[in-house]
Amino acid sequence: MKSDIPLNALRAFEASVRHLNFTRAGMELFVSQAAVSQQVRLLEEKLGLTLFKRLPRGLELTDEARLLYSKISEGFNSIEKAYRQFEGGTIREALTISCVGTFALGWLLPKIEDFQQKHPSIELSIQTNNNVVSIAGEGVDFAIRYGSGSWASSHNQLLFEAPLTLLCRPETAMRLLTPGDIIGEKLLRSYRHEEWDNWFAAAGIAPFKINGPVFDSSRLIIDAVMIIDGVALAPDIMFQPEIKQGLLVRPFDIYSGDDGYWLTWQRARKITHSMQIFREWIIQKIITQ
């Protein structure tokens with residue numbers, strides 16, 4: 001790193017942007033307000049830019065400051081991440097998994113302690129998505145998605161099939177003696193509009209217009225069923241605890257669709273050591289569950 005880069009001034013600038021106040025920035029950095037102000041002025045002189053408008057009650061960013069902050073904050077975050085990786089005398093590998101919320105809550109989180117116990121040197125971060133994720137753009141190692149596996153920009157490995165079936169509250173199920181009895185019930189929908197038509201076909205029911213609310217995940221749909229009643233299509237494999245507790249009922253043994261949960265990663269990306277460990281772990285957990 002070049003010695004003429006004013007790191008202290010950049011740190012003072014970064015803290016000042018977050019607080020929009022030199023005094024609070026100084027408290028964070030354990031220096032005086034005057035010292036922070038001096039460092040920021042040094043940076044402005046060195047860059048030949050005005051970064052803050054000094055106001056009576058705080059600071060206002062200039063356009064140049066906003067652009068600089070977006071780059072500087074990324075840099076400091078990368079430095080902190082690298083430091084944490086080696087902190088404590090043990091090299092820790094970072095691994096970021098992005099997965100649909102239904103899978104995260106219904107399968108991954110109850111089992112993640114096993115992974116952490118077996119691989120304490122891997123720093124695992126879990127993000128959730130609504131099935132639309134840019135693996136490269138969001139900087140994740142793996143994305144776990146629901147669908148047919150036909151995503152051209154990634155390698156796609158099937159974890160397990162998860163067809164859809166009817167789920168509802170027990171008192172609702174008592175009204176459903178035949179599949180056709182769902183006519184008149186509140187049918188909750190996902191953004192995948194073909195799902196109900198596929199189930200109608202599997203159940204031998206003529207399709208009809210659905211007016212229920214639309215949700216972006218099976219987890220939200222089932223939460224809505226529990227709160228506002230109604231009937232939902234969801235992968236029952238993700239809701240076994242609720243079914244075993246009697247909170248949810250599968251009124252008919254009718255399934256539709258051939259979608260499943262997939263482990264996906266960028267085609268151009270070489271699998272790292274930590275990625276390979278996670279991949280082997282999740283496949284083994286699925287085989288032995």
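Guide: Start at Ser190, whose bridge partner in strand β9 is Phe215. Strand β8 covers residues 187-190, and two bridges join β8 to β9, with the two strands running parallel. For the labels, helices (H or I, at least four residues) and strands (E, at least two) are DSSP runs, numbered from the N terminus. Two strands pair if DSSP finds at least two bridges between them.

A quick word on what you're looking at. This is a predicted model, where local features need pLDDT of at least 70 and side-chain atom pairs count only at pLDDT 80 or more, while totals for chains, interfaces and linings use all residues. Residues are numbered from 1 along each chain as its sequence is written, and side-chain values use heavy atoms, with hydrogens and water left out.

Now step back from that pair. β8 and β9 belong to an open sheet of five strands with mixed pairing, in the order β9-β8-β10-β7-β11. At its edges are β9 (214-215) and β11 (255-256), each of which pairs on one side only. Helix α9 (residues 218-228) lies across β7 (164-168), β8, β9 and β10 (231-234), and runs at about 155° to β10. Angles like that run from 0 to 180 degrees between N-to-C directions, using axes fitted to C-alpha atoms, for helices over the stretch in contact.

Follow the chain on to the loop between α9 and β10, and you'll find Asp229 there. Asp229 has a positive phi of about 75° although it is not a glycine. Most residues other than glycine have a negative phi. Asp229 counts as buried because its relative accessibility is 17%; buried means under 20% relative accessible area, exposed over 50%, and partly exposed in between (1.4 Å probe, protein chains only). Leu20 has a positive phi too, of about 50°, and is not a glycine either. Leu20 sits in the loop between α1 (7-19) and α2 (22-29), and is partly exposed at 34%.

Glu242 is charged by type, yet counts as buried, at 16% relative accessibility. Leaving aside residues up to four places away in sequence, Glu242 touches Arg219, Leu247 and Leu248; contact here means heavy atoms within 4.5 Å.

There's another open sheet to visit, also of five strands with mixed pairing, in the order β4-β3-β5-β12-β6. Its edges are β4 (122-129) and β6 (154-161), and each has a single partner strand, so one side of each is left without a neighbour in the sheet. On average, neighbouring strands here are turned by 25° against each other, direction ignored.

Look at strand β5 (residues 142-147) in that sheet: six of its six residues are buried, so β5 is largely enclosed by the rest of the structure. Phe142, Ile144 and Tyr146 point one way, while Ala143, Arg145 and Gly147 point the other. With strand β12 (residues 260-266), β5 pairs in the antiparallel sense over five bridges, and Ala143 stands opposite Thr264.

Now for the helices on this sheet. α5 (residues 101-108) and α11 have axes that come within 13 Å and cross at roughly 65°. Phe103, Trp107 and Leu108 of α5 meet Phe278, Trp281, Ile282, Lys285 and Ile286 of α11.

Last stop: the largest nonpolar core has 56 residues, and Phe103, Leu166, Ile182, Trp196, Trp199, Phe278 and Ile282 touch the most other members. Helix α11 (residues 273-288) gives the most to this core, with six residues. A nonpolar core is a set of buried Ala, Val, Leu, Ile, Met, Phe, Trp, Tyr and Cys residues joined through side-chain atoms within 4.5 Å. Phe278 touches Leu95, Ile97, Leu108, Phe115, Phe142 and Leu263, not counting residues up to four places away in sequence.
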